[in-house]
Amino acid sequence: MSPPKKVDVNPDEQIVLREWRELIVENYENDIARLEGLEESVQGFHVEHALMDQKDTLRRFFHEKPTRALELGSRIMREQFDNHHIPTRPVLRVVGLSENYLNRVDDLRMRDRNDLVSLDVKINEVSHAYGWLKLAVYECMDCESRVEVPQRRARERESPVLCRPCLNQAMEGFKNTDIPRSFIRPQSDFLMVVEECKYEDVQDISMSQITYNSEHHLINCSTRNQILGTITDDLVDQLRPSTYMRINGIVRVQPVPDRTFSKDTRRLLSIDILSVEELHIEE
Ligand SMILES: [Zn+2]
């Protein structure tokens with residue numbers, strides 16, 4: 001089996017990649033084989049957290065850097081899907097997180113940013129589905145070289161300032177002159193290549209902390225302790241208001257949605273939802 005083509009991984013991440021591959025091949029090979037012929041463009045793929053817990057480096061890495069761990073896992077999933085000639089884009093959905101990740105909405109603070117959490121909630125509202133520009137592709141109007149700029153949701157779109165190849169060429173030209181470098185004010189013009197940009201489907205949801213007893217009878221649904229979350233890809237259109245869910249995700253810090261000026265420093269916590277598991281709760 002050939003290693004992933006990208007070389008932007010450090011030695012620790014190399015081990016993570018190896019452990020992901022072992023985990024997926026050992027436990028999910030047959031499930032992947034069964035997806036051959038699939039025609040969806042994107043497919044969520046459940047991976048049990050207990051299996052990750054058995055891999056020393058992966059367990060620690062997923063705890064410390066969940067976003068990066070999932071990026072690396074996605075490469076392995078992509079590789080395995082390719083082995084089975086499945087063109088569908090796989091999305092890793094880690095389920096069954098250990099109980100130590102279970103938190104409460106009212107306990108979350110800014111310092112929990114980027115941490116992995118599970119929350120037991122009632123889904124209140126689900127927004128209409130919309131898309132956002134996840135990766136913008138620009139082309140230099142002078143030399144036509146392309147630059148990819150990853151974007152952040154609900155932030156101003158970022159575009160490149162300078163074109164590397166053009167800058168290098170300009171510096172070459174200045175080499176044999178006496179003009180001080182600080183006098184050089186290079187500028188580049190870019191055009192966004194709309195067709196090459198990558199978009200993601202999302203839905204915003206609002207949820208409330210719930211409390212229930214050991215028989216799964218609802219004790220309380222908090223009207224005060226609410227939090228926003230975002231679901232993407234295959235999870236879009238899968239959640240209904242007034243249902244009970246355990247959501248697993250990563251704590252994020254977002255600007256307040258109705259800010260009136262772009263440098264507003266107020267921030268809210270929200271959850272990038274990685275997976276959802278239905279809770280059978282009786283009211
Ligand atoms: Zn250029």
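Tutor: Domain bounds come from an automatic or database domain assignment. The model is a predicted one, in which local features need pLDDT of at least 70, side-chain atom pairs count only at pLDDT 80 or more, and totals for chains, interfaces and linings use all residues. Residues are numbered from 1 along each chain as its sequence is written.

Student: Which domains does the assignment give?

Tutor: Domain 1 covers 11–95, domain 2 covers 99–131 + 200–278, and domain 3 covers 132–198. The C-alpha centres of domain 2 and domain 3 lie 37 Å apart.

Student: What makes the contact between domain 2 and domain 3?

Tutor: Domain 2 gives 6 residues and domain 3 gives 4, where a contact means C-beta atoms, placed from the backbone, within 7 Å. On the domain 2 side, β7 (198–212) and β9 (244–255) each supply at least two residues; strands are DSSP runs of E, at least two residues, and helices are runs of H or I, at least four, numbered from the N terminus.

Student: Why is α1 called roughly perpendicular to α3?

Tutor: Helix α1 (residues 11–33) and helix α3 (residues 56–64) pack at about 110 degrees, as the angle, from 0 to 180 degrees, between N-to-C directions of axes fitted to C-alpha atoms over the stretch in contact. Roughly perpendicular means 65 to 115 degrees, so α1 is roughly perpendicular to α3.

Student: Which residues make that contact?

Tutor: D12, I15, V16, E19 and W20 of α1 meet T57, L58 and F61 of α3. The axes of the two helices are 8 Å apart.

Definitions and conventions: Two residues are in contact if their C-beta atoms, placed from the backbone, lie within 7 Å. Angles under 35 degrees count as roughly parallel, over 145 as roughly antiparallel, 65 to 115 as roughly perpendicular and the rest as oblique.
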